[in-house]
Amino acid sequence: MIQRDVIVIGAGAAGLFCAAQAGQRGRSVEVLDHAKKVGRKILMSGGGRCNFTNMYAAPENFLSENPHFCKSALSRYTQWDFIGLVNDYRIPYHEKTLGQLFCDDSASDIVSLLMSECKKGGVTVTTRCEITAIEKLDDGYIVNTSLGQYQCESLVIATGGLSMPKLGATPFGYKIAEQFGLAVLPTRAGLVPFTLPPELKTPLAEISGVSQKVRAGCVNTSFLEDMLITHRGLSGPAILQISSFWEGQDVELDLSPEEDLHADIQQARQNQPNQTLKNYLATRFAKRLAETLIEVLSFDNMPLKQLNEKQLSNVADTLHAWKVRPSGTEGYRTAEVTLGGVDTNALSSKTMEARDVKGLYFIGEVVDVTGWLGGYNFQWAWSSAWVAAQYV
Ligand code: FDA
């Protein structure tokens, strides 16, 4: 039986960071992961450059049944703390947009940082290790694995959510929560592209690759960012963001969020009365998008002079508030995150320890705290990991 003060299950962002910090506090720590490689999601993230935090990260950027839960951890280990660590390692990075910080070179810089921090803390990291069962003792846990038995005082579950099963995601963390009587809130895919019904999917698929700045909204929330038309439906940052709020209703797309089309189309009719609606739209959108909009929105493609006030106003209204009803999402296969998870009411926001199960901690994405797109999910991993590491 291998004895450790702390066993962390999951060698992802949260698990490695927690292990490193606890090790540096003088605890003996081992991280166990069933995958062949550590930090696979980190390596894939941000298109291989890892959007490792956001300069403007704040509790408002997170979804949870209890929006207050994340406040403590985020304020005790902030984005500036992690940026400081990245600076210490002289990892070159840049702000891409909206406070999103990406590595200049490679996401592997962040994995190397985490592994160096683990080394500093004397942490053992063991991969290809299947966890078969967990038993509670009076003063700790027995972890049964394919590589033997471990005994520890504190057990940290950092096995993430369900997104991207190909990268090693499993429901393990939820099952452990249930084994110890913690509630698990229903999960669903977040930061995920929408699929569309055939009548929209087919015409839009023909212009896949076209992108348009939009304001995408539902449930009193909206995001002003790019939307990308794909073979399967809609994607791009605006869509991924709003997908986390979507629960089956219409999504409203303002296709011209920065310009009032009502005034513009009237002006166009005055200046170029013989211009067709399609040609007018081609001055405002990519030509292929303009053609497709005429088709899917059933606009009459007539010279502007033949369209009356009401018709013109209807065109502008529709383009400013196109109501699209997705048929679904692409699901966990392509989702960046999992919404829902271990109920925060069962955890201490100060320590991430289960309130009623001494020595059992949940950190990172397995918890019902989900960030927007833009580095927020990694910041939650760092912050929740750091606070837990002070107590394990
Ligand atoms: P994470 O998923 O990182 O790690 C969990 C670990 O547990 C894995 O190593 C897994 O193998 C292991 N595990 C699972 N089940 C196990 C079991 N049964 N036994 C043993 N081990 C097990 N966020 C962001 O802020 N910026 C970004 O740029 C991106 N980009 C991005 C791209 C893609 C493609 C995805 C899928 C996700 C992102 N994200 C992101 C989200 C971000 O990657 C995610 O929120 C964090 O990795 C969560 O960190 P965790 O450590 O909680 O889980």
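A polar contact is a pair of N or O atoms within 3.5 Å; within protein, one atom must be able to donate a hydrogen and the other to accept it, and residues adjacent in sequence count only if both atoms are side-chain atoms. The model is predicted, so that local features need pLDDT of at least 70 and side-chain atom pairs count only at pLDDT 80 or more, while totals for chains, interfaces and linings use all residues. Residues are numbered from 1 along each chain as its sequence is written, and side-chain values use heavy atoms, with hydrogens and water left out.

**Exercise 1. Describe the surroundings of the ligand.**

Step 1. Locate the helices, which are DSSP runs of H or I with at least four residues, just as strands are runs of E with at least two, numbered from the N terminus.

Step 2. An N or O atom in the side chain of Asp33 is 2.6 Å from an oxygen atom of the ligand, and one in the side chain of Lys41 is 3.4 Å from a ligand oxygen atom. A polar backbone atom of Asn51 is 2.9 Å from a nitrogen atom of the ligand. The protein buries 94% of the 990 Å² that the ligand exposes when taken alone, with accessible areas from the Shrake-Rupley method and a 1.4 Å probe.

**Exercise 2. Trace the open sheet that contains E13.**

Step 1. Two strands pair if DSSP finds at least two bridges between them. The sheet has 7 strands in the order E17-E16-E13-E14-E15-E12-E18, with antiparallel pairing. Its edge strands, E17 (322–324) and E18, each pair on one side only.

Step 2. Follow E13 (residues 211–218) to E14 (residues 221–229): they are antiparallel over 8 bridges, and Gln212 stands opposite Met227 in E14. Their hairpin has 2 residues between the strands, and Val219 there takes a positive phi near 50 degrees.

Step 3. Turn to the other partners. E13 pairs with E16 (residues 251–254) over 3 antiparallel bridges, with Gly217 opposite Glu252. E14 pairs with E15 (residues 233–235) over 2 antiparallel bridges, with Ile229 opposite Leu234.

**Exercise 3. Are Thr329 and Thr338 buried, partly exposed or exposed?**

Step 1. Buried means under 20% relative accessible area, exposed over 50%, and partly exposed in between (1.4 Å probe, protein chains only).

Step 2. Thr329 lies in strand E18 (residues 328–329). Because its relative accessibility is 28%, Thr329 counts as partly exposed. Its side chain reaches the backbone nitrogen of Gly331 at 3.0 Å.

Step 3. Thr338 is found in strand E19 (residues 337–342). Thr338 is buried, because its relative accessible area is 0%. The side chain of Thr338 reaches the backbone nitrogen of Ser163 at 3.2 Å. By contact (heavy atoms within 4.5 Å), and not counting residues up to four places away in sequence, Thr338 touches residues including Tyr174, Arg188 and Glu365.
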